[in-house]
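Hello,

Please have a look at it before reading on.

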Amino acid sequence: MKIAILGTGVVGRALAQGWLRAGHEVVIGSRQPEEARLRAELKGLPVAGLASAVADAPVVVNATPGTASVELLHSVGADALAGKVLLDVAVGFTEDGSLSHLGESLGEEIQRTFPRTRVVKTLCTIDRKLMIAPDSVQGPSTLFLSGEDAEAKRTVAGLLGDLGWSDDSLLDLGGIATARGQEHYSLLFIGIAQALGSYGFGIRVVEEAA
Ligand SMILES: NC(=O)c1ccc[n+]([C@@H]2O[C@H](COP(=O)([O-])OP(=O)(O)OC[C@H]3O[C@@H](n4cnc5c(N)ncnc54)[C@H](OP(=O)(O)O)[C@@H]3O)[C@@H](O)[C@H]2O)c1
């Protein structure tokens with residue numbers, strides 16, 4: 001499957017490596033795809049302009065700063081994104097480290113702004129290294145999905161499986177409004193990382209014993 005990843009940062013690069021390893025066709029979309037420094041940093045990962053990356057890709061990944069995502073997606077265009085699955089990993093932070101989306105989440109804002117695109121929020125509750133190496137922590141972690149479209153969530157679950165996430169590690173929270181919880185968890189994520197002195201951890205939801 002062709003996957004277009006918007007954003008050439010550490011998350012975009014990690015996910016590109018993970019899905020290339022799994023045999024997918026991946027292209028990273030950049031605002032400045034010809035920049036020599038970027039090309040050197042990407043070390044051969046395929047990069048293209050935003051419009052060209054998205055063309056013919058049924059799945060688009062938003063790996064851009066959450067404060068800039070909607071504007072960037074506008075520059076790609078609602079028509080170009082129509083009908084596609086948009087896997088949204090982004091979280092918006094202000095300069096003082098607060099969340100930019102305190103009421104409506106970024107995932108909801110994207111879904112409301114691009115109603116013909118099927119948004120699925122996931123992966124934003126873990127560090128980029130764990131995204132593509134779920135077995136790198138001691139024991140299984142839980143990964144969450146939020147979105148309105150069941151088929152889009154199945155597509156995303158399959159792509160997460162290709163990164164090594166087993167079906168029983170995925171927890172479907174429901175509609176896109178549940179992205180609020182995923183995004184707000186980022187604050188606790190940072191607190192846990194500071195307490196542990198490491199980003200290399202997952203969390204697991206455990207149920208009441210029978
Ligand atoms: N770092 C993590 O482990 C982690 C974990 C979970 C979630 N997240 C979320 O995932 C998203 C990506 O994280 P990241 O650490 O890869 O971010 P990053 O290093 O800041 O990279 C984001 C990329 O987005 C592109 N971009 C588009 N519009 C932009 C703008 N106005 N200003 C700056 N960059 C812009 C840039 O690529 P071009 O210049 O090539 O266009 C940039 O390299 C963020 O929303 C973050 O909160 C990160």
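In the second largest pocket, α1 supplies the largest share of the lining, four residues. The model is predicted, so to speak of local features takes pLDDT of at least 70 and side-chain atom pairs count only at pLDDT 80 or more, while totals for chains, interfaces and linings use all residues. Numbering starts from 1 along each chain as its sequence is written, and side-chain values use heavy atoms, with hydrogens and water left out.

Helices here are DSSP runs (H or I, at least four residues), as are strands (E, at least two), numbered from the N terminus. The volume of this second largest pocket is about 210 Å³; a volume is the space filled by probe spheres set on grid points joined across faces, edges and corners. A pocket is an open set of points on a 1 Å grid over the protein atoms alone, where a 1.4 Å probe fits, with protein on both sides within 12 Å along at least five of seven lines, and lining residues have an atom within 4 Å of a point. Among the residues lining it are Val-10, Arg-13, Glu-41 and Lys-129.

The largest pocket has a volume of about 1000 Å³. Its lining has 40 residues, with Val-10, Val-11, Ala-63, Thr-64 and Pro-65 nearest the centre.

As for the helices, Ser-69, Val-70, Leu-73 and His-74 of α4 meet Leu-106, Glu-109, Ile-110 and Thr-113 of α6, where contact means heavy atoms within 4.5 Å.

Enjoy exploring!
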